[in-house]
Amino acid sequence: MYKNIKAMAVDDNEVSLMIIRSMSQGIGLSVKCFMDPIRAAAYAKRNKLDIAFIDYLMPEVNGIQLIEMIRETHPEIPIVMITGEDDFANLKLDAIEAGATEYMYKPLNTFEFGARVKNLLSLRKYQILYQDKAHLLQREIDEKVRDIVDREFETLSVLGRAAEYKDTETSNHVKRVASYARLLAEKLGKNAVFQETIFHAAPLHDVGKIGIPDHILTKPGRLTKEEFEIMKQHPEIGYRILKNSKSPYLQAGGLIARSHHEKYDGSGYPYGLSGNQIPLMGRIISLVDVFDALTSKRPYKKAWPFNLALKEIKDCNGTHFDPKIVNAFFQNLVGIKAIKEQFQD
């Protein structure tokens, strides 16, 4: 009747255990018995348990102490305190405070024992059923959330590729920039949410180039002053595209798009922000975007050697780039090289 129910009885009196086992078998319940409460506590800690019968008066550990120990790993199961002590009222209150569900007095009555235990096991079955349904519902919720997040990441990727479509940069450029950014965010001590946000938002840093005319965006030579003024509009265009989104990744992408051409000393664009006025994500992307541009081949230039690009980053420490980010960058050159090799053009 109770095939999958795990029951335990603890009493230092062998005859009492035999009585509990016999009465339990009478209602179809199999019970694992212990005379040593320490061994019983160790068993309860390691194993599944659905109901426990605990004697009060035992050596080393009494029943109330044992109930408290069992409750540490089994906070919801029914526990029955069984005692032959005369101070019934006080013990009953102490047992309930310790976590006992039910209280029985020796000598046990077969019919009372059977009725009470059946009620407790019925409640336990519904409890298990509820927990199973709750776990199933949580799994379904988790799967739906993962689907939503996956679709959001797909949207981010599509937007990033849309900007690349009009530009001479490769798809691996945004992958490298995103990976560099996440690495630096980690080394700067930012939490996992920040790290994942900058990783998924980084590919949107140049999304505003969608609004720049092709003849300027794909020009193989140096831009004229007038053309460069038009090019300098792409950070604000990108911000306007993304700013009203409810997605934290798209919102972060908007801030990055707007601020990644600002410089630490205030000489950047579009607003001439300086120092901590520039969002941290923008300061991070500013460095890794420049580094990747220097070390990548373009129609109008050759890729710079790695060491020469490092010198440029160092020379721009405190002017173009935040010194804290430059320091994190140079402390993690092994990781930077690994990312560059992983996403080669």
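Visitor: What does Ile64 touch, not counting residues up to four places away in sequence?

Guide: Its partners are Tyr56, Met81, Leu91, Asp94, Ala95 and Ala98. Contact here means heavy atoms within 4.5 Å. This is a predicted model, in which local features need pLDDT of at least 70 and side-chain atom pairs count only at pLDDT 80 or more, while totals for chains, interfaces and linings use all residues. Residues are numbered from 1 along each chain as its sequence is written, and side-chain values use heavy atoms, with hydrogens and water left out.

Visitor: Why is Ile64 called buried?

Guide: Buried means under 20% relative accessible area, exposed means over 50%, and partly exposed lies in between (1.4 Å probe, protein chains only). Ile64 has 14% relative accessibility, so it counts as buried. Ile64 sits in helix α3. From Ile64 to Glu97 is 33 residues in sequence, yet 9.0 Å in space, C-alpha to C-alpha.

Visitor: What makes Glu60 exposed, and what is its phi?

Guide: Glu60 has 72% relative accessibility, so it counts as exposed. Its phi is near 70 degrees, a positive value in a residue other than glycine.

Visitor: How do you know which strands belong to the open sheet, and in what order?

Guide: Two strands pair if DSSP finds at least two bridges between them. β1 (residues 7-10) and β3 (residues 51-55) have 4 bridges, in the parallel sense. β1 and β2 also pair over 4 bridges, as do β3 and β4. The sheet has 5 strands, in the order β2-β1-β3-β4-β5, with parallel pairing.

Visitor: What makes β2 and β5 edge strands?

Guide: Each has a single partner strand, so one side of β2 (31-34) and one side of β5 (102-105) are left without a neighbour in the sheet. Neighbouring strands are turned by 20 degrees against each other on average, direction ignored. Axes are lines fitted to C-alpha atoms, for helices over the stretch in contact, and angles run from 0 to 180 degrees between N-to-C directions.

Visitor: Which residues stand opposite Met8, Val10 and Asp55?

Guide: Met8 faces Ala52 in β3. Val10 stands opposite Phe34 in β2.

Visitor: Why is β4 called largely enclosed?

Guide: 5 of the 5 residues of β4 are buried, so the rest of the structure largely encloses β4. Ile79, Met81 and Thr83 point one way, and Val80 and Ile82 the other. In β1, both faces are covered too: Ala7 and Ala9 are buried on one side, Met8 and Val10 on the other.

Visitor: What makes a set of residues a nonpolar core?

Guide: The members are buried Ala, Val, Leu, Ile, Met, Phe, Trp, Tyr and Cys residues, joined through side-chain atoms within 4.5 Å. The largest core has 35 residues, and Ile198, Ile284, Ile285, Leu287, Phe291 and Phe329 touch the most other members. Helices that each supply at least two residues include α6 (171-187), α7 (192-201) and α12 (280-294). Another core, apart from it, has 25 residues, among them Met8, Phe34, Ile77 and Ala95.

Visitor: What are the domains of the protein chain, and how far apart are their C-alpha centres?

Guide: Domain bounds come from an automatic or database domain assignment. That assignment gives domain 1 (7-136) and domain 2 (166-343). Their C-alpha centres lie 64 Å apart.

Visitor: How many disulfides does a search of the whole structure find?

Guide: The count is 0. A disulfide needs a pair of cysteine sulfur atoms within 2.5 Å. Cys33 has 21% relative accessibility and so counts as partly exposed. Cys316, at 15%, is buried.
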